[in-house]
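Below is a structure, followed by questions about the words used to describe it and the answers.

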Amino acid sequence: MAKESNFKNMTLTLFTVTLLASASLGFVYSFTKGPIEDAQNAKINNAISLVLPEFDNQPSAESFTRNVDGGVLTFYPAKKDGEPIGMAVQTFTKNGFSGQIDLMVGFLPDGTIHAIEVISHKETPGLGDKMESGKSDFNVQFKGENPKDFKLSVKKDGGDVDAITASTISSRAYCDAVQRAYSAIVKEGGSK
Amino acid sequence: MSQLTNFTKGFIKENPVFVLLLGMCPTLGTTTSAINGLGMGLATTFVLVMANVVIALVKNVIPPKVRIPSYIVIIASFVTMVDLSMAGFLPALHAQLGLFIPLIVVNCIVLGRAEAFASKNSVGASFIDGLGMGLGFAFALTLLGLVRELLGSGKAFGISIYSDTYGMLVFILAPGAFIALGYLTAIMNRLSKK
């Protein structure tokens with residue numbers, strides 16, 4: 001600290017500091033890259049197996065994507081003994097109370113919803129986060145319903161979905177995401 | 001100042017949250033539950049300790065006019081390391097804390113301790129200062145998170161104490177953070193006056 005600042009030592013110091021910082025960050029990045037990817041994949045694979053009936057292929061290896069409404073939908077086809085038994089769709093909505101919500105929706109070949117899991121959300125703890133499975137019965141009501149004759153919007157808007165108390169916006173967003181997945185499935189010609 | 005008072009000052013006398021009122025953004029934003037508060041507090045502790053030690057080490061070779069940019073680069077590096085490590089090894093907690101981890105960079109406490117303490121003291125004293133301040137911060141965040149979680153959703157560290165239908169939702173939401181923080185600060189002031 002006692003030294004005097006001049007152009008040469010200021011430049012040299014900043015150069016050294018930033019060089020060392022970027023080198024150490026590069027090292028940490030190379031070291032954590034694997035675990036971060038593993039954690040992401042584990043989350044996705046776990047969600048897939050939760051929303052579909054039992055399958056024996058690798059849905060994440062056969063996945064494909066479509067660009068819809070300014071975002072990306074990822075499809076994970078599931079098969080058992082070579083026969084398609086359903087399709088998991090990673091869908092999204094940007095209408096959440098606090099931004100984007102990502103869901104994994106499992107469809108049976110006839111378009112019936114098998115189950116839904118929340119992948120990530122930023123909704124209010126204690127209110128909107130009741131959309132997570134296990135925190136309330138909100139997501140149970142979708143099980144076994146075919147959106148063909150189950151209107152995916154909250155009852156307040158004339159649909160068939162019971163909204164989470166005090167979380168109509170989160171419930172609407174949830175329906176929006178599921179509807180987006182269903183429309184995409186129909187467009188792809190069913191979950192074959 | 002003995003090393004012991006140097007360490008304990010962060011808890012009560014100069015507690016960063018309740019006395020200095022520094023770092024309010026993560027304090028209010030992440031304390032919706034005790035676990036979140038603890039995770040945030042420990043991440044900040046790590047950054048504080050590491051940044052304090054490194055800055056105390058290099059304080060004599062950094063020219064005074066570029067010390068702030070140098071400190072910020074050092075702090076930002078440690079924050080990014082914490083961010084990457086948490087994403088890799090504690091994905092659930094990382095998803096909860098989200099944006100607030102990178103925001104440790106702009107936490108006034110970290111730069112404040114670097115400028116006020118580490119740049120004038122030895123490595124050992126800076127280490128203890130960082131540890132004391134960090135743990136004081138973690139303690140404050142955990143306490144605030146615990147109060148909010150208990151009043152808001154009837155839980156403590158995720159364990160249900162009473163049914164959450166009786167919880168006061170306002171404590172989970174942003175206004176409750178201010179209310180709880182105000183009362184806790186008042187209680188801490190009363191206790192430290194004695």
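**How the terms apply**

Chain B has eight helices and two strands. This is a predicted model, in which local features need pLDDT of at least 70 and side-chain atom pairs count only at pLDDT 80 or more, while totals for chains, interfaces and linings use all residues. Residues are numbered from 1 along each chain as its sequence is written, and chains are lettered from A and ligands numbered from 1 in the order in which they are written.

Q: What pattern does chain B follow along the sequence?
A: The pattern is α-α-α-α-α-α-α-β-β-α. Helices (H or I, at least four residues) and strands (E, at least two) are DSSP runs, numbered from the N terminus.

Q: Why is helix 6 of chain B called roughly antiparallel to helix 7 of chain B?
A: The axes of helix 6 (residues 108-118) and helix 7 (residues 123-153) of chain B come within 11 Å and cross at roughly 150 degrees. Axes are lines fitted to C-alpha atoms, for helices over the stretch in contact, and angles run from 0 to 180 degrees between N-to-C directions. Angles over 145 degrees count as roughly antiparallel, under 35 as roughly parallel, 65 to 115 as roughly perpendicular and the rest as oblique. The crossing angle therefore makes helix 6 of chain B roughly antiparallel to helix 7 of chain B.

Q: Which residues of helix 6 and helix 7 of chain B make the contact?
A: Helix 6 of chain B contributes I109(B), R113(B), F117(B) and A118(B), and helix 7 of chain B contributes S126(B), D129(B), G130(B), M133(B) and F137(B). Contact requires C-beta atoms, placed from the backbone, to lie within 7 Å.

Q: What makes strand 1 and strand 5 of chain A edge strands?
A: Five strands of chain A form an open antiparallel sheet in the order 1-2-3-4-5. Strand 1 (64-68) and strand 5 (113-120) of chain A each have a single partner strand, so one side of each is left without a neighbour in the sheet.

Q: How do you know that strand 2 and strand 3 of chain A pair?
A: Pairing needs at least two bridges found by DSSP. Strand 2 (residues 71-80) and strand 3 (residues 83-96) of chain A have seven bridges, in the antiparallel sense. In strand 3 of chain A, G86(A) is the bridge partner of A78(A).

Q: Why does the radius of gyration of chain B agree with a compact globule?
A: The radius is taken over C-alpha atoms, and the globule rule is 2.2 Å times the number of residues to the power 0.38. For 194 residues, a compact globule would have a radius near 16 Å; chain B has 17 Å, so the value agrees.

Methods. Contact = placed C-beta atoms within 7 Å.
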